[in-house]
Amino acid sequence: MPDAVRIDARVEARDVELDLTLGEGELVAIVGPNGSGKSTCIELIAGALRPDSGTVALGGTVVAGAQTFVPAHRRRIGYLEQRPLLFPHLTVVGNVAFGPRSRGASARDAARRAEAELEAVGLAGFGPRRVRELSGGQAQRVAIARALAIDPEIVLLDEPFAALDAAATPELRRLLRDRLRRITTVMVTHDPLDVLALADGVACLSEGRVALQSGVDRVFQNPGTRFLADFVGLNLLHGRVVDDAVELPGGALVTGMAESPLLTDQARAVFPPAAVSLYRAAPHGSPRNELSATVVGVEDRGLVQRVSLEVGSQRIHADVTPSALRDLHLGEGEAVVAVVKATQVALHPVA
Ligand SMILES: Nc1ncnc2c1ncn2[C@@H]1O[C@H](COP(=O)(O)OP(=O)(O)OP(=O)(O)O)[C@@H](O)[C@H]1O
């Protein structure tokens, strides 16, 4: 079976060069810092942008290449953006029927299909309503119905919940998970909960390149890039392998649990911010990692205070209670010892 999406394409003016593959029915989350190329990836698949070189293929058919460019309206793509962008002059059912109609379905068939899609998103009976009578969450449901009414080959989700009330999001995530089963989907998101709830895989972009593509479980255990570590809320320290431990550039040793022998030169130590305790001076006598660190910021997160620390040139976070923080009298620029139990550190070889 051909790949559902195969991008191997370059956009000169943006210095973007993407190499990305999705299998049939797979949902891949595209994550990465601002300007890393996420929108460009979506535009290449949607047909809003033509690559300067290379190809974009959907379902094994080249839709963009040196000799070919299939325009957006000829690609069977369901698109869901932050805001639903419904036609205000059409009814709800008119909005959903628009796609099938413009692809040649009779008015009756298009309306029937639209009603079925509306029912599937929990909006049976909403067909005759005006778009302006809908809540934000309802409008986004209509947009889902509209995107799926054309039997899309690929669905593109561009931060589909970012503009919604937080209360409406879990229900809509569930709905999308059900409706997108077996439909190949590319989702741009800044929210790790979207990834956990919806995605099979993650592609992390950096400076216009795919820095890493991996399964979701893997990324949450072993985020292979600093951006991904921040994204999933874990600390990551990079160093040299010395005697089954990771030696940081400053010379400190980090010991931990390795799932496979560290046979590489380089490795990373991964641990949660809650596993880090802070001390003014090194507490002796326990088999723990002790890292000299400098406080670079404190963020009030309610039940915990998140302390940002620099360990050499690398950044980590410690989640401590407000009372522990008060007792330590910590301020920016101050030196502390960050202590992490070896049993809470996962060591991963870097290939
Ligand atoms: N229309 C454009 N013309 C020229 N350069 C562009 C255009 N749009 C984006 N770029 C550049 O292309 C690169 C990739 O941008 P892109 O919008 O794809 O990133 P992104 O990951 O979607 O960012 P964000 O998270 O901020 O939306 C950036 O360097 C950006 O400045």
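Colleague: How do the residues of the shell around the ligand divide into nonpolar, polar and charged?

Modeller: The shell holds two nonpolar, eight polar and two charged residues. Ala, Val, Leu, Ile, Met, Phe, Trp, Tyr, Cys and Pro count as nonpolar, Asp, Glu, Lys and Arg as charged, and the others, Gly among them, as polar. This is a predicted model, in which local features need pLDDT of at least 70 and side-chain atom pairs pLDDT 80 or more, while totals for chains, interfaces and linings use all residues. Residues are numbered from 1 along each chain as its sequence is written.

Colleague: Which residues are around the ligand?

Modeller: Among them are Ala-13, Arg-14, Val-16, Lys-38 and Gly-208; a residue counts if its C-beta atom, placed from the backbone, lies within 6 Å of the molecule.

Colleague: And which helix gives the most to that shell?

Modeller: Helix α1, residues 38-46, with three residues. Helices (H or I, at least four residues) and strands (E, at least two) are DSSP runs, numbered from the N terminus.

Colleague: Turning to the sheet of six strands, what is the strand order?

Modeller: The order is β13-β12-β11-β15-β21-β14, in an open sheet with mixed pairing. The edge strands β13 (253-254) and β14 (257-258) each pair on one side only. Two strands pair if DSSP finds at least two bridges between them.

Colleague: In which sense do β12 and β13 pair?

Modeller: They pair in the antiparallel sense over two bridges, and Leu-253 in β13 is the bridge partner of Glu-247.
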